[in-house]
Amino acid sequence: MQKINIFWFKRDLRIIDNVGLYNSVKSKYPTLLLYVFEPVIINEDHYHNRHDNFVKQSLIELNNNFDLYKTKIHVFEGEIKSIFTTINKYYSIVNLYSMQETGLQHTYLRDIGLKKWCDKNNIVWFENINNGVFRGLKNRNKWREKWAKYMMTKIEPFRAKSSDFINLPDKFELKQKILSSKIIPNVQAGGTKNALLYFNSFLADRHKKYQQSISKPHNSRYHTGRISPYLAWGNISIRYVWQIAKKLKQENKVNKFQINAFTSRLRWQAHFIQKFEMESKMQFLSINRGYHKIIKIKNEKKLNAWKNGKTGYPIVDASMRCLVQTGFLNFRMRALIVSFLTHHLWIAWQEGAVFLAKNFLDFEPGIHYPQIQMQAGETGINMLRIYNPTKNAIEHDKNAEFIKKWVPEISNIEGPLIFEPWKMTEIDQKSYDCKLGEDYPYPIVDIKKSYKNASNILWSMKNNKLVRSESKRILNKHTLSNRKNIMDT
Ligand SMILES: Cc1cc2nc3c(=O)[nH]c(=O)nc-3n(C[C@H](O)[C@H](O)[C@H](O)COP(=O)(O)OP(=O)(O)OC[C@H]3O[C@@H](n4cnc5c(N)ncnc54)[C@H](O)[C@@H]3O)c2cc1C
């Protein structure tokens with residue numbers, strides 16, 4: 001039987017700076033390109049149609065590019081081991097190449113099962129480093145150096161010829177999936193071309209207002225990179241982004257101050273994913289065991305009001321509705337909706353995490369779970385921030401542009417009342433054509449009381465013995481030894 005390599009595309013749907021693909025093609029055996037829609041992923045709660053569509057858009061674009069080499073990505077739906085077993089009946093798979101994935105529990109277990117299968121079948125599985133995240137670290141000693149070295153390593157151009165690839169025979173027993181995708185209005189479309197469109201327009205112009213827009217729900221949509229879905233699904237590599245941004249900075253072609261703020265966030269990306277890589281139970285439990293005993297309430301009605309953008313707090317509702325419709329929300333508003341859920345509604349972060357993951361087009365487990373816990377105030381090592389939604393609305397959506405766009409039922413309200421619609425009199429409600437309790441809900445919680453409750457409990461827990469010892473453990477494991485209190489831990 002002919003000996004082959006398989007390159008298995010996972011969340012690295014790109015050609016440029018895809019080290020696994022590069023290595024597979026360089027090796028002496030021809031490469032079969034593979035993508036699998038696995039039931040364990042597509043039927044799992046974190047996965048949304050918009051993720052599926054984004055992946056399909058990316059695969060369609062990749063296949064157009066692979067036409068040049070008279071090959072394509074062979075796309076199947078099914079359980080990964082059974083797909084490999086079937087391919088192994090036609091060819092002798094020698095090596096499997098893929099990029100390393102820092103995923104959720106189900107993909108981790110899938111990988112363990114596949115590794116056993118590979119070992120049993122004498123197949124060597126090479127996993128290449130993705131995102132500057134390293135496996136098997138016990139602490140962060142030397143992490144920054146390793147990360148910097150990775151980011152500065154030259155990106156080899158992809159060169160291949162048709163004979164480097166192999167295609168499955170026409171009579172192959174499994175049916176390949178026919179790819180079709182759609183343009184979803186207001187949702188970013190997948191693929192490297194789109195990734196580059198966003199990135200290049202950011203560098204050319206949009207970055208000039210980066211810092212002053214980043215916390216603004218409306219302006220951030222135009223002035224931050226908007227590359228997160230492309231990084232999360234691997235249409236573009238973090239290293240490519242970092243190297244181009246640095247190069248333009250050295251050549252004085254971009255605003256240095258703004259680009260420095262951007263590139264430091266590129267490091268946070270790896271920093272958070274590395275944390276999740278080293279502490280994967282964060283998917284289920286707070287990293288700081290001291291917080292496991294917090295007693296939160298179960299309140300389906302309030303949880304649903306939060307999910308549906310009907311809390312009576314305009315900025316929270318606008319954020320949620322915007323997220324659900326477009327798949328994107330800026331950092332500050334993500335933090336604010338998590339704070340609203342976990343502090344003001346006093347509902348456990350676990351109850352909102354999957355819903356948010358599903359709706360974020362850029363869902364990246366390693367950023368998502370550590371960020372949610374940080375915003376919920378359950379790490380013990382970060383500043384506790386309980387956001388006041390009204391204050392944030394006034395500060396970051398001064399003209400209520402964002403609120404009016406996403407909460408149209410209150411868009412007639414003029415002046416400061418739009419930030420506090422519950423203060424409308426009967427006459428106001430008539431003149432702005434918005435009846436409280438009918439057109440728009442009364443607030444589902446009194447934030448003065450909820451602030452006090454959350455703040456009392458969370459501040460007092462800071463001194464708890466277990467919280468403190470866990471904080472020490474977390475700092476030792478996840479921060480650089482000479483930096484004990486960095487903001488981005
Ligand atoms: C509760 C919560 C959940 C989040 N979940 C995700 C997620 O699933 N996926 C995700 O990519 N980001 C997540 N973030 C981080 C952040 O909100 C997004 O990365 C950012 O809004 C993406 O927009 P951008 O591409 O325009 O970012 P830019 O400001 O242009 O930044 C460039 C890149 O840097 C990285 N980055 C930026 N901010 C952060 C940050 N605070 N932490 C880590 N990396 C960062 C992202 O990869 C981003 O694309 C989350 C934040 C919070 C508060």
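In the predicted model, the centres of domain 1 and domain 2, taken over C-alpha atoms, are separated by 27 Å. The contact between these two domains takes 11 residues from domain 1 and 13 residues from domain 2. On the side of domain 1 that touches domain 2, the residues comprise five charged, four nonpolar and two polar. The domain assignment places domain 1 at residues 3-130, domain 2 at 193-277 and domain 3 at 289-478.

The ligand is surrounded by 27 residues. The closest of these are T224, G225, S228, H368 and Q371. By class, the shell around the ligand contains 14 nonpolar residues, together with eight polar and five charged ones. Domain 2 and domain 3 each contribute at least three residues to this shell. In terms of secondary structure, at least two shell residues are supplied by each of four helices, namely α10 (228-232), α12 (256-278), α15 (331-344) and α17 (365-376). Helix α12 provides the largest share of the shell, with six residues.

Of the helices that contribute to the shell, α12 and α17 pack against each other with their axes 7 Å apart and at an angle of about 85°. Because angles of 65 to 115 degrees count as roughly perpendicular, this value makes α12 roughly perpendicular to α17. On the α12 side, the residues that meet α17 are Q269, F272, I273, K275, F276 and E277. Their counterparts in α17 are P365, G366, I367, Y369, P370 and Q371. The residues of this contact divide into seven nonpolar, three polar and two charged.

The contact is formed by A335, V338, S339 and T342 of α15, which face I372, Q375 and A376 of α17. Four nonpolar and three polar residues make up this contact of α15 with α17, and no charged residue takes part. The contact of α12 with α17, by comparison, includes two charged residues.

A further helix pair is formed by α14 (residues 314-326) and α18 (residues 389-396). The axes of α14 and α18 come within 8 Å and cross at roughly 75°, so that the two helices are roughly perpendicular to each other. The contact involves P314, I315 and V316 from α14 and P389, N392 and A393 from α18. Five of the residues in the contact of α14 with α18 are nonpolar and one is polar, with no charged residue present.

Notes:
Residues numbered from 1 in each chain as written. Predicted model: local features only at pLDDT ≥ 70, side-chain atom pairs only at ≥ 80, totals over all residues. Near = placed C-beta within 6 Å. Nonpolar A, V, L, I, M, F, W, Y, C, P; charged D, E, K, R; others polar. Domains from an automatic or database assignment. Contact = placed C-beta atoms within 7 Å. Axes fitted to C-alpha atoms, helices over the stretch in contact; angles between N-to-C directions. Parallel < 35°, antiparallel > 145°, perpendicular 65-115°, else oblique.
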